[in-house]
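Visitor: I am new to protein structures. Could you show me how to read aromatic rings and surface patches?
Guide: Gladly. Let us look together.

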Amino acid sequence: MLRAARGGARGLLQVRTPAPSARGRLPPQRWLQLRLLHQEPLPAAPPPAVGRWLLACSGAVAGAVVLGGVTRLTESGLSMVDWHLVKEMKPPQTQQEWEAEFQKYQQFPEFKILNHDMTLAEFKFIWYMEYSHRMWGRVVGLVYILPAAYFWHRGWLSRPLKGRVLALCGLVCFQGLLGWYMVKSGLEEKPDSYDIPRVSQYRLAAHLGSALVLYAASLWTGLTLLLPQHKLPETHQLLRLKQYVHGTTALIFLTALSGAFVAGLDAGLVYNSFPKMGEHWIPDDLLAFSPVLRNIFENPTTVQFDHRILGIASVTAVTALYLFSRKIPLPRRTRMAVTSLLAVACMQVGLGISTLLLYVPTPLAATHQSGSLALLSMALWLMSELRRVPK
């Protein structure tokens, strides 16, 4: 009898559900056995390989973000003036092919206004920077799509996880299209503008923002698969800590996203002093544009001011979170996540101030951008650890 019950629980037997009226006529043990026979099996948990794959995907996205930042800092993003999914995978091979590629670049505003004296050797450097970023993006797509198809075929993905994986793969494809849409904004002729040709800061922020969403979703899903959820103790302090962590993570994400506007407008070069901006705490040209809302996204001074405020708010929130967590008994691993979050936050603030004071040197600025990903990662790790606090 017990074997039959276990077999039914695994979905090997088909038994009609006993009618509710039969409960009074059957012994309780027999009633329970019939109920077990009718129960459908619980879905099997995905194997650890799926979680590790998603962590590897998040690492690949992080590499693309860092490489994209270096491409932007070296002003290489507009060197490739067209986009082909397969054709551009092969770089120019001969001198004639390189000269033809260089001539295409010479037809666009960046060369005419900014790089009119550029040599072919200099062009090759910026071209290979953009080429590396695009090829890395293709690698990221393969890292998502090919293993996803394999895991799907093997039946290792549950129904909810299938939907999430489909969304992640769709977001990867969207990222590629959004990247080219961003580049196009820097290739357009603007006869009434005397500004240095650059991509739209709005499209740059959208490109970075979607990459951060892809990174965070992949990392979070991987962590939740490898670190299964446990029931949390219903204590008021722990619930408040979870709320603080969620709010702090959102603030860290917003701060990282505001960095796209700083990069897009070269706002890191307008006031290279700290803590004051020049001689003032609040610069005179903070609201120089009209209407006022334009300043938030288009005035380099305001954009840098906002990024400073968000950065200070983030490190303050992380410090307060750390101090509050000291009052709560937490497992060793969770405590390690809190401490790591504070350490990375302090490091990130130091990198940001140093980048500003040294007039945005490329290695330091790229490290600062990488630090934003590290800080977001620590926050997501802490969120996953709080899901696992034992009773």
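**Rings and a patch**

Guide: Start with Tyr202, which is partly exposed at 38% relative accessibility. Keep in mind that this is a predicted model.

Visitor: Which ring does Tyr202 form an aromatic pair with?
Guide: First the general idea. A pair of aromatic rings is described by the distance of the centres and the angle of the planes. Here, Tyr202 pairs with Phe297. The centres are 6.0 Å apart, and the planes make an angle of 50°. That pair counts as tilted.

Visitor: Where do Tyr202 and Phe297 lie?
Guide: Tyr202 is in helix α8 (residues 201–226), and Phe297 is in helix α10. The pair therefore ties together parts that are 95 residues apart in sequence. Phe297 is partly exposed too, with a relative accessible area of 36%.

Visitor: Which residues make the nonpolar surface patch?
Guide: Tyr202, Leu293, Ile296 and Phe297 make it, and its area is about 390 Å². Leu293 sits in the loop between α9 (236–264) and α10 (294–298).

Visitor: Is Leu293 buried or exposed?
Guide: Exposed. Its relative accessible area is 65%, and the cut-off for exposed is over 50%.

Visitor: How many aromatic pairs does the structure hold?
Guide: It holds 19. Tyr105 and Phe111 form an edge-to-face pair, 5.9 Å centre to centre with 70° between the planes. Both Tyr105 and Phe111 are buried. They also belong to a cluster linked by ring pairs, with Trp98, Phe102, Phe123, Trp127, Tyr128 and Tyr131.

Visitor: What lies over the face of Tyr181?
Guide: Arg203 does, at 3.7 Å from the ring centre.

Notes. Residues are numbered from 1 along each chain as its sequence is written. This is a predicted model: local features need pLDDT of at least 70, side-chain atom pairs count only at pLDDT 80 or more; totals for chains, interfaces and linings use all residues. Side-chain values use heavy atoms; hydrogens and water are left out. Patches are made of residues with over 30% relative accessible area and no salt bridge: like charges are joined within 9 Å, nonpolar side chains (Val, Leu, Ile, Met, Phe, Trp, Tyr) within 5 Å. Accessible areas come from the Shrake-Rupley method with a 1.4 Å probe; for residues, only the protein chains shown count as cover. A salt bridge is a side-chain nitrogen of Lys or Arg within 4 Å of a carboxyl oxygen of Asp or Glu. Helices (H or I, at least four residues) and strands (E, at least two) are DSSP runs, numbered from the N terminus. Buried means under 20% relative accessible area, exposed over 50%, partly exposed in between (1.4 Å probe, protein chains only). Rings of Phe, Tyr and Trp (its six-membered ring) pair if their centres lie within 6.5 Å; planes under 30 degrees apart count as stacked, over 60 as edge-to-face and the rest as tilted. A charge sits over a ring if NZ of Lys or CZ of Arg is within 6 Å of the ring centre and within 35 degrees of the ring normal.
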